[in-house]
Amino acid sequence: MRQQLLGGLRLDVVDGEESYFLLGAHGIPMRLSRQAHLILSGVAEGRTSEEIAQTLGAAGAPTTPTAIERRASELLTRIAHIEAHPRRQVGFWMKRQIVGPAVVGRIARATKWCFDPRVAGAGLVLATVCGSIALIRASTPSSAAAPLLGYAIFLLSLVAHEFGHAAASARFGVAPSGIGIVMYLIYPAFFSDVTQTWRLPRRQRVLVDLGGLYFQSLFAAALCLAAALWPAPAIGFGLALIGLSLLSSLNPFLRFDGYWIFIDALGLSSASSARGSVLRALIARIRGRTADARWPLSTVVAFAVYLALLPFAWAYLIAAVGPVLIAQLLGYPAALGALSTALLEGRVQPGQVEQFLVATFIAFGALIVGYRLVLAGAAGLQRLFGLRVKRPLVVA
(Lines give C-alpha, C1' and ligand atoms only; values in the text may rest on other atoms or scores of the structure.)
Protein backbone atom coordinates (compact mmCIF):
# COMPACT_ATOMS: atom_id res chain seq x y z
CA MET A 1 0.00 0.00 0.00
CA ARG A 2 1.39 3.39 -1.01
CA GLN A 3 -0.05 6.76 -0.07
CA GLN A 4 0.41 10.30 -1.35
CA LEU A 5 -1.13 13.55 -0.26
CA LEU A 6 -2.63 16.11 -2.62
CA GLY A 7 -3.82 19.08 -0.61
CA GLY A 8 -6.37 17.59 1.80
CA LEU A 9 -6.79 14.47 -0.35
CA ARG A 10 -5.15 11.07 0.12
CA LEU A 11 -4.23 8.94 -2.89
CA ASP A 12 -3.83 5.22 -2.25
CA VAL A 13 -2.77 2.32 -4.46
CA VAL A 14 -2.66 -1.40 -3.71
CA ASP A 15 0.82 -2.44 -4.80
CA GLY A 16 0.97 -4.56 -7.93
CA GLU A 17 -2.73 -4.27 -8.74
CA GLU A 18 -5.02 -2.11 -10.85
CA SER A 19 -6.67 -0.67 -7.77
CA TYR A 20 -6.52 3.04 -7.01
CA PHE A 21 -8.68 5.23 -4.84
CA LEU A 22 -8.80 8.65 -3.31
CA LEU A 23 -10.16 9.73 0.05
CA GLY A 24 -11.57 13.23 -0.08
CA ALA A 25 -10.99 15.94 2.49
CA HIS A 26 -14.42 15.16 4.02
CA GLY A 27 -13.99 11.38 3.96
CA ILE A 28 -15.79 10.68 0.67
CA PRO A 29 -14.10 7.71 -1.10
CA MET A 30 -13.64 7.82 -4.89
CA ARG A 31 -12.25 5.10 -7.15
CA LEU A 32 -9.66 6.26 -9.68
CA SER A 33 -8.75 5.01 -13.11
CA ARG A 34 -5.06 4.30 -13.64
CA GLN A 35 -4.64 7.37 -15.83
CA ALA A 36 -6.29 9.62 -13.25
CA HIS A 37 -4.05 8.22 -10.55
CA LEU A 38 -0.88 8.79 -12.62
CA ILE A 39 -1.88 12.39 -13.27
CA LEU A 40 -2.88 13.22 -9.70
CA SER A 41 0.09 11.44 -8.16
CA GLY A 42 2.37 13.39 -10.51
CA VAL A 43 0.75 16.63 -9.36
CA ALA A 44 1.14 15.53 -5.72
CA GLU A 45 4.85 14.91 -6.31
CA GLY A 46 5.28 18.36 -7.86
CA ARG A 47 6.23 17.02 -11.28
CA THR A 48 5.82 19.13 -14.41
CA SER A 49 3.19 18.43 -17.05
CA GLU A 50 5.97 17.33 -19.43
CA GLU A 51 7.21 14.75 -16.92
CA ILE A 52 3.68 13.46 -16.30
CA ALA A 53 3.10 13.19 -20.06
CA GLN A 54 6.28 11.11 -20.39
CA THR A 55 5.08 8.80 -17.59
CA LEU A 56 1.72 8.26 -19.31
CA GLY A 57 3.44 7.66 -22.62
CA ALA A 58 5.64 4.99 -21.06
CA ALA A 59 2.48 3.42 -19.58
CA GLY A 60 0.89 3.11 -23.03
CA ALA A 61 -1.26 6.25 -22.95
CA PRO A 62 0.54 8.87 -25.08
CA THR A 63 -0.56 12.45 -24.51
CA THR A 64 0.74 16.03 -24.52
CA PRO A 65 1.67 18.41 -21.67
CA THR A 66 -1.23 20.68 -22.67
CA ALA A 67 -3.67 17.76 -22.45
CA ILE A 68 -2.22 16.82 -19.04
CA GLU A 69 -2.80 20.33 -17.68
CA ARG A 70 -6.36 20.35 -18.96
CA ARG A 71 -7.07 16.85 -17.61
CA ALA A 72 -5.57 17.62 -14.20
CA SER A 73 -7.76 20.73 -13.95
CA GLU A 74 -10.84 18.69 -14.92
CA LEU A 75 -10.04 16.01 -12.33
CA LEU A 76 -9.53 18.47 -9.49
CA THR A 77 -12.70 20.34 -10.43
CA ARG A 78 -14.71 17.13 -10.51
CA ILE A 79 -13.29 15.96 -7.18
CA ALA A 80 -14.24 19.31 -5.63
CA HIS A 81 -17.75 18.92 -7.07
CA ILE A 82 -18.10 15.43 -5.61
CA GLU A 83 -16.97 16.70 -2.24
CA ALA A 84 -19.46 19.58 -2.34
CA HIS A 85 -22.35 17.53 -3.80
CA PRO A 86 -22.18 13.91 -2.58
CA ARG A 87 -24.38 11.50 -4.51
CA ARG A 88 -27.83 10.90 -3.07
CA GLN A 89 -29.54 7.60 -3.69
CA VAL A 90 -33.08 8.01 -4.97
CA GLY A 91 -35.76 5.90 -3.27
CA PHE A 92 -33.92 5.41 0.04
CA TRP A 93 -35.28 6.94 3.21
CA MET A 94 -35.18 6.57 7.02
CA LYS A 95 -31.51 5.54 7.02
CA ARG A 96 -30.45 4.66 10.57
CA GLN A 97 -27.47 2.96 12.17
CA ILE A 98 -28.68 0.14 14.42
CA VAL A 99 -25.38 -1.44 15.53
CA GLY A 100 -22.35 0.78 16.14
CA PRO A 101 -18.82 0.12 14.82
CA ALA A 102 -17.54 -0.88 18.27
CA VAL A 103 -20.14 -3.64 18.71
CA VAL A 104 -19.82 -4.79 15.10
CA GLY A 105 -16.03 -4.88 15.52
CA ARG A 106 -16.23 -7.08 18.62
CA ILE A 107 -18.64 -9.53 16.96
CA ALA A 108 -16.62 -9.52 13.72
CA ARG A 109 -13.37 -10.27 15.54
CA ALA A 110 -15.08 -13.04 17.51
CA THR A 111 -16.41 -14.70 14.33
CA LYS A 112 -13.56 -14.12 11.88
CA TRP A 113 -12.34 -17.68 12.54
CA CYS A 114 -15.23 -18.78 10.31
CA PHE A 115 -13.05 -17.70 7.36
CA ASP A 116 -10.36 -20.24 8.16
CA PRO A 117 -10.25 -22.36 4.95
CA ARG A 118 -11.04 -25.61 6.79
CA VAL A 119 -13.93 -24.09 8.74
CA ALA A 120 -15.28 -22.35 5.62
CA GLY A 121 -15.14 -25.59 3.62
CA ALA A 122 -17.08 -27.48 6.29
CA GLY A 123 -19.58 -24.65 6.60
CA LEU A 124 -20.26 -24.54 2.87
CA VAL A 125 -20.77 -28.32 2.76
CA LEU A 126 -23.21 -28.07 5.67
CA ALA A 127 -25.10 -25.21 3.99
CA THR A 128 -25.32 -27.15 0.70
CA VAL A 129 -26.62 -30.33 2.36
CA CYS A 130 -29.14 -28.47 4.50
CA GLY A 131 -30.29 -26.38 1.52
CA SER A 132 -30.88 -29.52 -0.54
CA ILE A 133 -32.93 -31.05 2.26
CA ALA A 134 -34.94 -27.84 2.60
CA LEU A 135 -35.80 -27.92 -1.12
CA ILE A 136 -36.96 -31.55 -0.90
CA ARG A 137 -39.12 -30.88 2.17
CA ALA A 138 -40.57 -27.56 0.97
CA SER A 139 -44.10 -26.96 2.27
CA THR A 140 -46.88 -24.42 1.89
CA PRO A 141 -47.64 -22.10 4.84
CA SER A 142 -50.71 -23.23 6.74
CA SER A 143 -51.55 -19.98 8.53
CA ALA A 144 -51.89 -16.32 7.64
CA ALA A 145 -49.12 -15.42 10.13
CA ALA A 146 -46.52 -17.77 8.64
CA PRO A 147 -45.47 -15.43 5.80
CA LEU A 148 -45.04 -12.51 8.19
CA LEU A 149 -42.91 -14.55 10.58
CA GLY A 150 -41.02 -16.01 7.63
CA TYR A 151 -40.27 -12.54 6.35
CA ALA A 152 -38.98 -11.54 9.79
CA ILE A 153 -36.65 -14.55 9.68
CA PHE A 154 -35.49 -13.46 6.23
CA LEU A 155 -34.67 -9.98 7.59
CA LEU A 156 -32.55 -11.59 10.31
CA SER A 157 -30.63 -13.43 7.58
CA LEU A 158 -29.84 -10.05 6.00
CA VAL A 159 -28.33 -8.91 9.31
CA ALA A 160 -26.20 -12.08 9.26
CA HIS A 161 -25.23 -11.17 5.69
CA GLU A 162 -23.84 -7.80 6.79
CA PHE A 163 -21.98 -9.37 9.70
CA GLY A 164 -20.39 -11.71 7.15
CA HIS A 165 -18.87 -8.75 5.32
CA ALA A 166 -17.73 -7.31 8.66
CA ALA A 167 -16.14 -10.57 9.84
CA ALA A 168 -14.29 -10.97 6.53
CA SER A 169 -13.02 -7.39 6.82
CA ALA A 170 -11.79 -8.07 10.35
CA ARG A 171 -10.11 -11.27 9.17
CA PHE A 172 -7.89 -9.17 6.88
CA GLY A 173 -7.19 -6.39 9.36
CA VAL A 174 -9.77 -3.81 8.20
CA ALA A 175 -11.91 -2.27 10.94
CA PRO A 176 -15.59 -2.88 10.02
CA SER A 177 -18.14 -0.09 10.05
CA GLY A 178 -21.47 -0.02 11.83
CA ILE A 179 -24.54 -1.79 10.44
CA GLY A 180 -27.68 0.17 9.64
CA ILE A 181 -31.15 -0.19 8.23
CA VAL A 182 -32.68 1.82 5.41
CA MET A 183 -36.02 1.75 3.61
CA TYR A 184 -35.88 1.37 -0.16
CA LEU A 185 -39.40 2.40 -1.22
CA ILE A 186 -41.29 -0.13 0.95
CA TYR A 187 -38.48 -2.66 1.37
CA PRO A 188 -36.36 -2.66 4.53
CA ALA A 189 -32.68 -3.26 3.75
CA PHE A 190 -29.51 -3.43 5.79
CA PHE A 191 -26.17 -1.91 4.93
CA SER A 192 -22.54 -1.71 6.07
CA ASP A 193 -19.70 0.36 4.63
CA VAL A 194 -16.96 -1.83 3.10
CA THR A 195 -15.19 1.06 1.36
CA GLN A 196 -11.95 0.53 3.29
CA THR A 197 -11.60 -2.98 1.84
CA TRP A 198 -10.49 -1.34 -1.43
CA ARG A 199 -7.09 -1.20 0.23
CA LEU A 200 -6.92 -5.01 0.33
CA PRO A 201 -5.34 -7.18 -2.38
CA ARG A 202 -7.64 -8.64 -5.00
CA ARG A 203 -8.12 -12.10 -3.45
CA GLN A 204 -9.02 -10.64 -0.06
CA ARG A 205 -11.52 -8.21 -1.60
CA VAL A 206 -13.26 -11.15 -3.27
CA LEU A 207 -13.48 -12.97 0.06
CA VAL A 208 -15.01 -9.89 1.68
CA ASP A 209 -17.56 -9.78 -1.16
CA LEU A 210 -18.36 -13.46 -0.55
CA GLY A 211 -18.50 -13.02 3.22
CA GLY A 212 -22.10 -11.81 3.27
CA LEU A 213 -23.39 -14.73 1.20
CA TYR A 214 -21.33 -17.15 3.30
CA PHE A 215 -22.78 -16.01 6.64
CA GLN A 216 -26.29 -15.86 5.18
CA SER A 217 -25.82 -19.47 4.01
CA LEU A 218 -24.69 -20.50 7.49
CA PHE A 219 -27.78 -18.78 8.93
CA ALA A 220 -29.93 -20.76 6.48
CA ALA A 221 -28.19 -23.99 7.49
CA ALA A 222 -28.99 -23.31 11.14
CA LEU A 223 -32.62 -22.71 10.13
CA CYS A 224 -32.69 -26.06 8.34
CA LEU A 225 -31.49 -27.79 11.50
CA ALA A 226 -34.14 -25.93 13.48
CA ALA A 227 -36.81 -26.97 10.97
CA ALA A 228 -35.80 -30.61 11.40
CA LEU A 229 -36.59 -30.32 15.12
CA TRP A 230 -39.52 -27.93 14.76
CA PRO A 231 -41.07 -28.02 11.26
CA ALA A 232 -42.76 -24.61 11.46
CA PRO A 233 -44.27 -23.20 8.23
CA ALA A 234 -42.70 -19.80 8.96
CA ILE A 235 -39.21 -21.32 8.81
CA GLY A 236 -39.98 -22.89 5.44
CA PHE A 237 -41.20 -19.56 4.07
CA GLY A 238 -38.14 -17.79 5.45
CA LEU A 239 -35.83 -20.35 3.87
CA ALA A 240 -37.53 -19.86 0.51
CA LEU A 241 -36.92 -16.10 0.68
CA ILE A 242 -33.29 -16.64 1.73
CA GLY A 243 -32.77 -19.01 -1.20
CA LEU A 244 -34.14 -16.46 -3.66
CA SER A 245 -31.98 -13.76 -2.08
CA LEU A 246 -28.80 -15.85 -2.40
CA LEU A 247 -29.49 -16.70 -6.04
CA SER A 248 -30.28 -13.12 -7.02
CA SER A 249 -27.23 -11.80 -5.15
CA LEU A 250 -24.97 -14.01 -7.27
CA ASN A 251 -26.17 -12.39 -10.50
CA PRO A 252 -23.10 -10.61 -11.96
CA PHE A 253 -25.18 -8.47 -14.34
CA LEU A 254 -26.93 -6.54 -11.55
CA ARG A 255 -25.04 -4.54 -8.93
CA PHE A 256 -25.36 -7.11 -6.19
CA ASP A 257 -22.59 -9.10 -4.51
CA GLY A 258 -22.09 -11.24 -7.63
CA TYR A 259 -21.17 -8.16 -9.64
CA TRP A 260 -18.50 -7.04 -7.15
CA ILE A 261 -17.15 -10.59 -6.82
CA PHE A 262 -16.62 -10.65 -10.59
CA ILE A 263 -15.19 -7.11 -10.78
CA ASP A 264 -12.81 -7.60 -7.85
CA ALA A 265 -11.71 -11.01 -9.15
CA LEU A 266 -10.60 -9.31 -12.38
CA GLY A 267 -9.00 -6.43 -10.48
CA LEU A 268 -11.20 -3.73 -12.02
CA SER A 269 -12.62 -0.57 -10.46
CA SER A 270 -16.00 -0.99 -12.17
CA ALA A 271 -17.35 -2.39 -15.43
CA SER A 272 -18.16 1.04 -16.81
CA SER A 273 -14.78 2.66 -16.09
CA ALA A 274 -12.75 -0.29 -17.40
CA ARG A 275 -14.78 -0.97 -20.56
CA GLY A 276 -12.80 1.27 -22.91
CA SER A 277 -9.28 0.31 -21.86
CA VAL A 278 -10.00 -3.42 -21.74
CA LEU A 279 -11.64 -3.42 -25.17
CA ARG A 280 -8.68 -1.49 -26.58
CA ALA A 281 -6.38 -4.16 -25.14
CA LEU A 282 -8.53 -6.85 -26.79
CA ILE A 283 -8.38 -5.12 -30.19
CA ALA A 284 -4.61 -4.70 -29.85
CA ARG A 285 -4.18 -8.42 -29.18
CA ILE A 286 -6.41 -9.35 -32.12
CA ARG A 287 -4.33 -7.11 -34.41
CA GLY A 288 -1.09 -8.54 -33.07
CA ARG A 289 0.02 -5.28 -31.51
CA THR A 290 1.50 -4.63 -28.08
CA ALA A 291 -1.37 -4.68 -25.59
CA ASP A 292 -1.67 -2.71 -22.38
CA ALA A 293 0.41 -4.62 -19.84
CA ARG A 294 -2.18 -3.91 -17.13
CA TRP A 295 -4.60 -6.41 -18.64
CA PRO A 296 -3.60 -10.11 -18.75
CA LEU A 297 -5.15 -12.18 -21.52
CA SER A 298 -7.42 -14.00 -19.05
CA THR A 299 -8.83 -10.68 -17.78
CA VAL A 300 -9.37 -9.33 -21.29
CA VAL A 301 -11.17 -12.49 -22.46
CA ALA A 302 -13.33 -12.83 -19.31
CA PHE A 303 -14.39 -9.18 -19.40
CA ALA A 304 -15.05 -9.25 -23.15
CA VAL A 305 -17.31 -12.30 -22.70
CA TYR A 306 -19.08 -10.50 -19.86
CA LEU A 307 -19.73 -7.43 -22.02
CA ALA A 308 -20.94 -9.64 -24.87
CA LEU A 309 -23.41 -11.44 -22.58
CA LEU A 310 -24.62 -8.29 -20.84
CA PRO A 311 -27.24 -7.20 -23.44
CA PHE A 312 -28.54 -10.78 -23.75
CA ALA A 313 -28.88 -11.03 -19.96
CA TRP A 314 -30.94 -7.84 -19.88
CA ALA A 315 -32.98 -8.95 -22.88
CA TYR A 316 -33.74 -12.27 -21.18
CA LEU A 317 -34.66 -10.51 -17.95
CA ILE A 318 -37.08 -8.22 -19.75
CA ALA A 319 -38.59 -10.99 -21.93
CA ALA A 320 -38.93 -13.57 -19.16
CA VAL A 321 -39.83 -11.42 -16.19
CA GLY A 322 -41.42 -8.40 -17.86
CA PRO A 323 -44.85 -9.94 -18.65
CA VAL A 324 -45.12 -11.38 -15.13
CA LEU A 325 -44.21 -8.05 -13.55
CA ILE A 326 -46.72 -6.17 -15.69
CA ALA A 327 -49.51 -8.67 -14.91
CA GLN A 328 -48.80 -8.49 -11.18
CA LEU A 329 -48.64 -4.70 -11.26
CA LEU A 330 -51.96 -4.42 -13.08
CA GLY A 331 -53.58 -6.96 -10.76
CA TYR A 332 -52.25 -5.42 -7.58
CA PRO A 333 -55.24 -3.11 -6.88
CA ALA A 334 -57.57 -6.13 -7.01
CA ALA A 335 -55.31 -8.10 -4.65
CA LEU A 336 -55.21 -5.18 -2.22
CA GLY A 337 -59.00 -4.86 -2.33
CA ALA A 338 -59.53 -8.58 -1.76
CA LEU A 339 -57.25 -8.67 1.27
CA SER A 340 -58.77 -5.50 2.75
CA THR A 341 -62.25 -7.01 2.43
CA ALA A 342 -61.11 -10.28 4.01
CA LEU A 343 -59.52 -8.44 6.93
CA LEU A 344 -62.64 -6.34 7.56
CA GLU A 345 -64.86 -9.42 7.46
CA GLY A 346 -62.47 -11.53 9.55
CA ARG A 347 -62.15 -14.33 7.02
CA VAL A 348 -58.50 -14.22 5.97
CA GLN A 349 -57.59 -17.58 4.45
CA PRO A 350 -54.25 -19.39 4.94
CA GLY A 351 -51.90 -18.33 2.19
CA GLN A 352 -53.84 -15.15 1.33
CA VAL A 353 -51.39 -12.93 3.21
CA GLU A 354 -48.52 -14.78 1.55
CA GLN A 355 -50.01 -14.15 -1.91
CA PHE A 356 -50.50 -10.47 -1.10
CA LEU A 357 -46.91 -10.09 0.14
CA VAL A 358 -45.61 -11.74 -3.01
CA ALA A 359 -47.82 -9.50 -5.14
CA THR A 360 -46.55 -6.44 -3.23
CA PHE A 361 -42.92 -7.43 -3.76
CA ILE A 362 -43.49 -8.04 -7.45
CA ALA A 363 -45.50 -4.87 -8.01
CA PHE A 364 -42.96 -2.60 -6.39
CA GLY A 365 -40.16 -4.63 -7.97
CA ALA A 366 -41.72 -3.82 -11.35
CA LEU A 367 -41.67 -0.13 -10.52
CA ILE A 368 -38.01 -0.34 -9.45
CA VAL A 369 -37.00 -2.23 -12.61
CA GLY A 370 -38.90 0.28 -14.74
CA TYR A 371 -37.22 3.17 -12.97
CA ARG A 372 -33.76 1.67 -13.48
CA LEU A 373 -34.48 0.98 -17.15
CA VAL A 374 -35.49 4.61 -17.63
CA LEU A 375 -32.23 5.76 -16.01
CA ALA A 376 -30.21 3.34 -18.15
CA GLY A 377 -32.02 4.53 -21.29
CA ALA A 378 -31.41 8.18 -20.41
CA ALA A 379 -27.70 7.48 -19.84
CA GLY A 380 -27.56 5.64 -23.18
CA LEU A 381 -29.13 8.58 -24.99
CA GLN A 382 -26.67 10.95 -23.33
CA ARG A 383 -23.73 8.87 -24.53
CA LEU A 384 -25.30 8.50 -28.00
CA PHE A 385 -25.49 12.27 -28.43
CA GLY A 386 -22.03 12.86 -27.01
CA LEU A 387 -23.04 14.18 -23.60
CA ARG A 388 -20.83 13.40 -20.64
CA VAL A 389 -22.41 11.09 -18.08
CA LYS A 390 -21.00 11.68 -14.62
CA ARG A 391 -20.37 8.78 -12.29
CA PRO A 392 -19.81 10.56 -8.99
CA LEU A 393 -17.82 7.91 -7.20
CA VAL A 394 -15.61 6.83 -10.12
CA VAL A 395 -13.06 9.36 -11.35
CA ALA A 396 -11.97 8.25 -14.82
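Among contacts in the protein between residues at least 6 apart in sequence, what percentage join residues at least 24 apart? The figure comes to 67%, with a contact taken as heavy atoms within 4.5 Å. The model is a predicted one, so local features are reported at pLDDT of at least 70 and side-chain atom pairs at pLDDT 80 or more, while totals for chains, interfaces and linings use all residues. Residues are numbered from 1 along each chain as its sequence is written, and side-chain values rest on heavy atoms, leaving out hydrogens and water.

Of its 396 residues, 41% count as buried. Here buried means under 20% relative accessible area, exposed means over 50%, and partly exposed covers what lies in between, using a 1.4 Å probe and protein chains only. The protein exposes about 21,300 Å², with carbon and sulfur atoms supplying 66% of that area. Accessible areas were worked out by the Shrake-Rupley method with a 1.4 Å probe, and for residues only the protein chains shown count as cover.

Now to the aromatic rings. The whole structure holds eight aromatic pairs. Rings of Phe, Tyr and Trp (its six-membered ring) pair if their centres lie within 6.5 Å, and planes under 30 degrees apart count as stacked, over 60 as edge-to-face and the rest as tilted. Tyr306 is buried, at a relative accessible area of 6%. Tyr306 also pairs with Phe303: the ring centres are 6.1 Å apart and the planes sit at 15 degrees, so this pair is stacked too. Phe303 and Tyr306 are three residues apart in helix α11, which means about one helical turn separates them. An α-helix has 3.6 residues a turn, so residues three or four places apart point the same way. Phe303 is buried, with 0% relative accessibility. Ring pairs tie Phe253, Phe262, Phe303 and Tyr306 into a cluster.

Val305, a residue of helix α11, is partly exposed at 44% relative accessible area. Together with Leu297, Val301 and Leu309, Val305 forms a nonpolar surface patch with about 340 Å² of accessible area. Patches are made of residues with over 30% relative accessible area and no salt bridge, joining like charges within 9 Å and nonpolar side chains (Val, Leu, Ile, Met, Phe, Trp, Tyr) within 5 Å.

On to the charged pairs. Four salt bridges turn up in the whole structure, each being a side-chain nitrogen of Lys or Arg within 4 Å of a carboxyl oxygen of Asp or Glu. Among them, Asp264 bridges to Arg205, with the closest N and O atoms 3.4 Å apart. That pair links distant parts of the chain, since Asp264 belongs to helix α9 and Arg205 to helix α7 (residues 202-229), 59 residues apart. Both Asp264 and Arg205 are buried. Arg71 and Glu74 make another bridge, their closest N and O atoms being 3.4 Å apart. Arg71 and Glu74 are three residues apart in helix α3 (residues 65-84), about one helical turn. Arg71 is buried at 17% relative accessibility, whereas Glu74 is partly exposed at 40%. A further bridge joins Asp116 to Arg118, with the closest N and O atoms 3.3 Å apart. Asp116 is buried at 18%, while Arg118 is exposed at 69%.

Glycine features in the packing as well. Gly150 lies in helix α6 (residues 146-171) and is buried at 0% relative accessibility. Gly150 and Pro233 are 83 residues apart in sequence, yet 7.9 Å apart in space, C-alpha to C-alpha. Leaving aside residues up to four places away in sequence, Gly150 touches Ala234, Phe237, Gly238 and Leu241.

Finally, the cysteines. The search of the whole structure finds zero disulfides, a disulfide being a pair of cysteine sulfur atoms within 2.5 Å. Cys114 is buried at 10% relative accessible area, and Cys224 counts as buried at 13%.

Conventions: Helices (H or I, at least four residues) and strands (E, at least two) are DSSP runs, numbered from the N terminus.
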